[in-house]
Amino acid sequence: MTENTADWFDTAFAGAPLMAILRGMGVERSVRLSQTAWDLGIDSVEVPLQTDEDERALRAVVAAAAERGKIVGAGTIIAPEQVAAAADAGAAYLVSPGLDPVVVRAAQDTGIPILPGVATPSEVQLAVSLGLTWLKAFPATWLGSGWFSHIRGPFPQVRFVATGGLNASNVEEYLAAGVRVAAVGSALEDAAQLERLAAVLHARSGSAQ
């Protein structure tokens, strides 16, 4: 299960070092920004689940993604019961803001890959003990890009998705520090940032090993 999950994320994020997070944007806006992300070259989109409207948005984005062969994740998974709901809505993977072994086990029992959030060496170590090698670092800008350079020393096998406060002006800094994937959100509605994000994708897509 561990190797299969790691391989799954390796494949899912191989094409682009960016992902999109569409938090609380409603159905229509979520679908529109998903299309923007896919057109830009961002393959993976996450829709956080906090309200009934979010679940409707997730289902709509999943339907749109199916037409283009893309994957969609469900974010803000903080309780075991959300695992089944996200899977039923068509989510291909899960994302949590923190690390809860109960939620991780629920995802593993369901057979759906999960990216739990970590912010300390102890949390990273616990995640590794649970069989995880892909983790979400949150909040990334609070941690700072230097955190990733340091944490790679004791945990060279761990791959990080950086989330929280990232946009076109700083994603390169985090990618250069060793982050495998940087997550952006509102930047997708800013024409100037879209141009810069496109440049990042052009320079880095396909470079992750």
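User: What makes a set of residues a nonpolar core, and which residues touch the most other members of the largest one here?

Analyst: A nonpolar core is a set of buried Ala, Val, Leu, Ile, Met, Phe, Trp, Tyr and Cys residues joined through side-chain atoms within 4.5 Å. In this predicted model, the largest such core has 65 residues, and those touching the most other members are Ile42, Leu58, Leu94, Val124, Trp147, Phe148 and Phe160. Helix α3 (residues 52-68) contributes the most to this core, with 6 residues. Apart from it lies another core of 11 residues, including Phe9, Val95, Val161 and Ala183.

User: What is Phe160 in contact with, leaving aside its neighbours within four places in sequence?

Analyst: Phe160 is in contact with Val118, Val124, Leu135, Ala137, Trp147, Phe148, Ile151, Val179, Arg180 and Val181. Among these contacts, Val124, Trp147 and Phe148 are also named with Phe160 as core residues that touch the most other members.

User: Why is Ala20 called buried?

Analyst: Buried means under 20% relative accessible area, and Ala20 has a relative accessible area of 0%, so Ala20 is buried. Ala20 is placed in strand β1 (residues 18-21), and, not counting residues up to four places away in sequence, Ala20 touches Ala37, Ile42, Ser44, Val45, Glu46, Val184 and Leu188.

User: Why is the pair of Phe9 and Trp134 called tilted?

Analyst: Planes under 30 degrees apart count as stacked, over 60 as edge-to-face and the rest as tilted; the planes of Phe9 and Trp134 are at 40°, so the pair is tilted. The ring centres are 6.0 Å apart, and the limit for pairing is within 6.5 Å. Because Phe9 lies in helix α1 (residues 2-12) and Trp134 in strand β7 (residues 134-137), the pair ties together parts that are 125 residues apart in sequence.

User: How do you know whether Phe9 and Trp134 are buried or exposed?

Analyst: With the cut-off for buried set at under 20%, Phe9 counts as buried because its relative accessibility is 0%, and Trp134 counts as buried because its relative accessibility is 2%.

User: What makes the pair of Phe13 and Tyr93 edge-to-face?

Analyst: The planes of Phe13 and Tyr93 are at 80°, with ring centres 6.1 Å apart, so the pair is edge-to-face, given that planes over 60 degrees apart count as such. Phe13 lies in the loop between α1 and β1 and Tyr93 in strand β4 (residues 93-95), so the pair ties together parts that are 80 residues apart in sequence. Phe13, Tyr93, Phe9 and Trp134 form one aromatic cluster together with Trp8.

Terms used
Residues are numbered from 1 along each chain as its sequence is written. This is a predicted model: local features need pLDDT of at least 70, side-chain atom pairs count only at pLDDT 80 or more; totals for chains, interfaces and linings use all residues. Side-chain values use heavy atoms; hydrogens and water are left out. Buried means under 20% relative accessible area, exposed over 50%, partly exposed in between (1.4 Å probe, protein chains only). Helices (H or I, at least four residues) and strands (E, at least two) are DSSP runs, numbered from the N terminus. Contact means heavy atoms within 4.5 Å.
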